Amino acid sequence: MEGQNKSITFDGREIRLTTGLYAPQASGSVMIECGDTSLLVTATKTTKKDSDFLPLICDYEEKLYAAGRIPGGFMRREGRPPERATLISRLIDRPMRPLFPSWMRDEIQIVATCLSLDERVPADVLAVTGASIATLLGEIPFYGPMAAVRVGLIGDDFILNPSYREIEKGDLDIVVAGSPEGIVMIEAGANQLSEQDTIEAIDFGYEAVTELIKSQEDLLKDLGIKQIKPSEPDEDKTLPSYLEKNCTKPIDLVLKKFDHSKEERDLELEKIKVETQGKIESLKDDNELKVLLSENDKLLNSDFKKLTKKLMRSQIINDGKRVDGRDLDEVRKISASAGILPKRVHGSALFQRGLTQVLSTTTLGTPSDAQEMDDLNPSTEKTYLHHYNFPPFSVGETRPMRTPGRREIGHGALAERALIPVLPGKETFPYVLRVVSEVLSSNGSTSMGSVCGSTLSLLDAGVPLKALVSGTAMGLIKEGKEIRILTDIQGIEDFLGDMDFKVAGTEKGITALQMDMKITGLPVSVISDAIKKARPARLHILEKMKEAIDKPEETLSPHAPRLLSFRIDPELIGTVIGPGGRTIKGITERTNTKIDIEDGGIVTIASHDGAAAEEAQKIIEGLTRKVHEGEIFSGVVTRIIPIGAFVEILPGKEGMVHISQLSEARVERVEDVVRQGDEVTVRVREIDSRGRINLTLRGVAQNGGLSYPEPTPTPVAPLN
């Protein structure tokens, strides 16, 4: 077996490409490598008939052997794709889909398999670029090349394709994908970054994308492969001409009824379509239109949609009015309320914008509720979970309800990313948080409605957010050189428009971006304009949200666990756990609490009783407090043995008073001086080489003694 090896030097790194060796039956394949990260990316095209859409499937496959790990669970093999793999599959799909011709009906599948992972080189952007290369090598019609890069921000400097650790340390994680025509996809999380800095990062990323596009074009030349430039096939214009002649006026009238609801508008458009079909079917049998429809019953739906799209877009371009009568920069009517469910649900809120309505709930959990991650990401657990559900009734449909699909996983991840920058640190609020966004009604931008509703829900649960986050979806209509940017798009504008650009952030700056295109690219200047126009809309929405709740509730739900968190010396973790876990088990049984200790020494105590949590904290701090010779304590005699008495000088920490140290005079029996339960004042005489504490009563006044020294507790959640 022989293949061809090529390399691309990019940002001081070498990207190695192997073609013609792996997966010979795929239409196109490439092994793309950088550092020790290796991915096999294939593109396969098969003929598909009787479809009215492009059947494109993009899959990212993670194999745990890539990181030298064996899967967990009973089966010990990879099963359902982890959430991260699903998100990377979407990351490949979103920039690839608009670059295939809209008229293509062949089945296309792109599979990126991560075979080896280097933590310094994340696999996702390599997979996206590899998808473009495999498609080009397979000579599949494609408006490429396309490439993707990640941009990070460390201090004041942008860096290309940062490592996992650099991503965690930085204030920005943005993936920019582009074609020769411009940017086709953006996915970003940011730490309240200003709009201008975000725009500069996108521009920086697209400059790097153009380098990778040029490298792909050079690769095709070197391999002697001619890129297939798609050309639209000739279509029968009979039906479109008939529809334009007979339906333009009635459709236009419906689109200009600004006071009509979505339901009324949809019913009227459907009525026009049905009446038109009836007129066509009543024509003579030899009529060309009737023959055309009998050959393809989906054709009328497709051409009717195209005409509706054309008229809606023309209305926006020429009249500056949308189908609901709004101006281009106008936000729909907003309503918001918090605390709508009983407090057995720790936090809840309802957010509505136009006909889009989202119910969000917050649950406070203990550290043991964190999600263990069984994927290739170096992070081993998640302490903030955001789940998004999109039931069929939200769009007035009926269909089976199954497990979450890719769209639901993707929207939940976007809302999660938007809120993470404003969550409190675990040392100040150590709860594991789960937010669930239930879409009750959908007419555009449910993911941004989830961000708004979830912010309110978190505040209602008492989570001390650093700032409130709102979000809006920006749209775009492009006809030739005419471009119109739309604020707060609704369903029809998303469906028939050219862009869905979601922007989330605080008053200070942006926390998340997600942009998808239906055209082959946009210049940075247009992207910049959309980001800037999103800001006043976000701030307007924030003001409406603050009317519902503007700060965290001062008390937690009585049904939420109470947590205390503090730090101990990591070297003393073993002391708290004790031999075989006996010490920590004894503390939990004594106080009826739940205790978690991290490797770094952070102790978290969970209880529904605040006093019990404080008692457990005192015991642990007593066990880990360093005792020094000469210190005086007031303690209780816990047990007596023939040679002395044990005294608890701190919660959980004992020392022994030898019989010779009970009195200045000779003592025959320990019980002659002290008995179990007596309170005595003792001095630390010495701490031996094994850490045992030896005490004395000699020379210590027994006047009631001193109370236990109380180390200053550092509770991180309010106790009720």
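H387 stands opposite V436 in strand β17. Strand β16 and strand β17 (residues 432–441) run parallel, and 6 bridges join them. Two strands count as paired if DSSP finds at least two bridges between them. Strands here are DSSP runs (E, at least two residues) and helices are too (H or I, at least four), numbered from the N terminus.

This is a predicted model: local features need pLDDT of at least 70, side-chain atom pairs count only at pLDDT 80 or more, and totals for chains, interfaces and linings use all residues. Residues are numbered from 1 along each chain as its sequence is written, and side-chain values use heavy atoms, leaving out hydrogens and water.

## The open sheet

Let's step back to the sheet. An open sheet of 5 strands has mixed pairing and the order β11-β12-β13-β17-β16. Its edge strands, β11 (334–338) and β16 (384–389), each pair on one side only. From one strand to the next, the twist averages 15°.

Helix α10 (residues 446–460) packs on this sheet and touches β11, β12 (347–353), β13 (356–365), β16 and β17. Contact means heavy atoms within 4.5 Å. The direction of α10 makes about 145° with that of β12; such angles run from 0 to 180 degrees between N-to-C directions, with axes fitted to C-alpha atoms, for helices over the stretch in contact.

Now for a pair of helices. The axes of α5 (residues 238–255) and α8 (residues 299–319) come within 9 Å and cross at roughly 50°. α5 and α8 are therefore oblique to each other (under 35 degrees is roughly parallel, over 145 roughly antiparallel, 65 to 115 roughly perpendicular, and the rest oblique).

The contact residues include L239, L243 and I251 of α5, and F304, L307 and M312 of α8. By class, the contact has 12 nonpolar, 3 polar and 4 charged residues. Here Ala, Val, Leu, Ile, Met, Phe, Trp, Tyr, Cys and Pro count as nonpolar, Asp, Glu, Lys and Arg as charged, and the others, Gly among them, as polar.

## A covered strand and its neighbours

Is strand β26 (residues 644–650) mostly covered or mostly open? Strand β26 is mostly covered, with 7 of its 7 residues buried (under 20% relative accessible area; exposed is over 50%, partly exposed in between, with a 1.4 Å probe and protein chains only).

Strand β25 (residues 632–641) joins β26 by 5 bridges, running antiparallel, and R639 stands opposite F646 in β26. A hairpin of 2 residues links β25 to β26. β26 also pairs with β27 (residues 653–658) in the antiparallel sense over 6 bridges, where E654 is the bridge partner of E648. In the hairpin of β26 and β27, G652 takes a positive phi near 85°.
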